[in-house]
Amino acid sequence: MGRILVHICCGPCAIYPVKEILKGKLEVWGYFFNPNIHPREEFRKRLDAVRTLAEKMSLPVICNDEYSPELFFRSIPGPRKHETPRAERCARCYSLRLDRTADAARKRGFDFFSSSLLYSKYQDHETIISAGLDMEHKYGVPFYYDDFRPGWKEGITHSREMGLYRQNYCGCVYSKKERGLF
């Protein structure tokens, strides 16, 4: 049985992928690293939801609980970051988070790494796969891909049953603005 480190973007999005990966008999650990989440209170809510999920699913989770949006902003090119096209911002964000996950997987002796981003029907799977394969090459830890989107409704149902905080935007300030939330 191998071990896999799964990047967790938020509690609700992690439920279905973790359950599915466990069916493959891998030992699953979560990894919370999300410098894209803004503002601080949103970061705290999502971190708390991941901790609640970890407790309810008996899932070991490594949490980077430092609020550090400057890491996200530094990953986006140019002086007028708000003008960077959405697809490029998202690609940089995926790469930043998967880079840190693959590095942590290598340092801690995991056999694979993946991400709960692969659960969301709102994320760009091809770009996530590309970033994952880039990090596989960089760190030597295989990227585990599965399309978890078929479990979208099941994950929502379970997150409600668990009473997890459910957000209404991806996490970054740009997605919050694009959703008209400020």
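## A salt-bridge tour

Start by selecting Asp-103 and Arg-106: their side chains form a salt bridge, with the closest N and O atoms 2.7 Å apart. Here a salt bridge is a side-chain nitrogen of Lys or Arg within 4 Å of a carboxyl oxygen of Asp or Glu. You're looking at a predicted model, where local features need pLDDT of at least 70 and side-chain atom pairs count only at pLDDT 80 or more, while totals for chains, interfaces and linings use all residues. Residues are numbered from 1 along each chain as its sequence is written, and side-chain values use heavy atoms, leaving out hydrogens and water.

Both partners sit in helix H4, three residues apart, about one turn of the helix. (Helices are DSSP runs of H or I, at least four residues, and strands are runs of E, at least two, numbered from the N terminus.) Asp-103 is buried at 13% relative accessibility, whereas Arg-106 is partly exposed at 40%. Buried means under 20% relative accessible area, exposed over 50%, and partly exposed in between, using a 1.4 Å probe and protein chains only.

Next, pick Lys-138 and Asp-99, another salt bridge with its closest N and O atoms 2.7 Å apart. Lys-138 belongs to helix H5 (residues 125-139) and Asp-99 to helix H4 (residues 86-107), so this pair ties together parts 39 residues apart in sequence. Color by accessibility: Lys-138 is exposed at 52%, but Asp-99 is buried at 18%.

Now jump to Lys-45 and Glu-41, a salt bridge at 3.9 Å, N to O. They're four residues apart in helix H2 (residues 40-57), about one helical turn. Lys-45 is partly exposed at 35%, and Glu-41 is exposed at 54%.
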